[in-house]
Amino acid sequence: DPDYVNLVTNYNNVTTVGFPGYPSMTRVTTVARTTGNAPRRDYTKVTVQVSEPTMGTPLNVTIVLADP
């Protein structure tokens with residue numbers, strides 16, 4: 001998404017249920033932005049958790065994006 005400033009607004013706590021072939025699969029996206037001036041920083045952490053009853057343990061993937 002090229003709208004870096006609004007990633008939290010657009011995607012934080014978004015839950016999607018059901019995917020083709022996996023009607024019970026759930027995907028939850030959480031987004032947290034960190035900013036500051038001393039030292040200067042601006043980055044966003046995005047975590048996606050995928051769970052499905054037959055998977056056992058949910059899968060979590062986290063990435064960190066920096067302000068372009």
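Strands here are DSSP runs of E with at least two residues, and helices are runs of H or I with at least four residues, all numbered from the N terminus. Is Thr44 buried or exposed? Thr44 counts as buried because its relative accessibility is 1%, where buried means under 20% relative accessible area, exposed means over 50%, and partly exposed lies in between (1.4 Å probe, protein chains only).

Which residues surround Thr44? Setting aside neighbours within four places in sequence, Thr44 is in contact with Tyr4, Leu7, Val31, Ala32, Arg33, Ile63, Val64 and Leu65; contact means heavy atoms within 4.5 Å. With Tyr4 there is also a polar contact of 3.0 Å between the side chains. Such a contact is a pair of N or O atoms within 3.5 Å; within protein, one must be able to donate a hydrogen and the other to accept it, and residues adjacent in sequence count only if both atoms are side-chain atoms.

## How to read the model

Residues are numbered from 1 along each chain as its sequence is written, and side-chain values use heavy atoms, with hydrogens and water left out. Because the model is predicted, local features need pLDDT of at least 70 and side-chain atom pairs count only at pLDDT 80 or more, while totals for chains, interfaces and linings use all residues.

The pLDDT is the predictor's confidence in each residue, from 0 to 100. For the protein chain it averages 91, and 97% of the residues score at least 70. Confidence is lowest in α1, with a mean of 91, and highest in strand β4 (residues 59-66), with 95. Where pLDDT is low, the predicted coordinates should not be read in detail.

## The overall picture

The protein chain has 1 helix and 4 strands, following the pattern α-β-β-β-β along the sequence. Its C-alpha atoms fill a box of roughly 45 × 20 × 15 Å along the principal axes. The radius of gyration is 15 Å, whereas a compact globule of 68 residues would have one near 11 Å; the radius is taken over C-alpha atoms, and the globule rule is 2.2 Å times the number of residues to the power 0.38.

Of the 68 residues, 19% count as buried. Among contacts between residues at least 6 apart in sequence, 25% join residues at least 24 apart.

## The sheet

In what order do the strands of the sheet lie? The order is β1-β2-β3-β4, in an open sheet of 4 strands with antiparallel pairing. The edge strands, β1 and β4, each pair on one side only. On average, neighbouring strands are turned by 20 degrees against each other, direction ignored; axes are lines fitted to C-alpha atoms, for helices over the stretch in contact, and angles run from 0 to 180 degrees between N-to-C directions.

Two strands pair if DSSP finds at least two bridges between them. Strands β1 (residues 14-19) and β2 (residues 22-37) are joined by 5 bridges, with Tyr22 in β2 as the partner of Phe19. Their hairpin has 2 residues between the strands, and Gly21 takes a positive phi near 85 degrees there. Next, β2 pairs with β3 (residues 40-51) over 12 bridges, where Asn37 has Arg40 as its bridge partner; this hairpin has 2 residues between its strands. Finally, 8 bridges join β3 to β4, and Val50 stands opposite Leu59.

Val17 lies in strand β1 and counts as exposed because its relative accessibility is 55%. Leaving aside neighbours within four places in sequence, Val17 is in contact with Pro23, Met25 and Thr26. From Val17 to Pro53, 36 residues apart in sequence, the C-alpha to C-alpha distance is 12 Å.

Asn10 takes us to helix α1 (residues 7-11). With a relative accessible area of 38%, Asn10 is partly exposed. Although Asn10 and Gly21 are 11 residues apart along the chain, their C-alpha atoms are separated by 27 Å.
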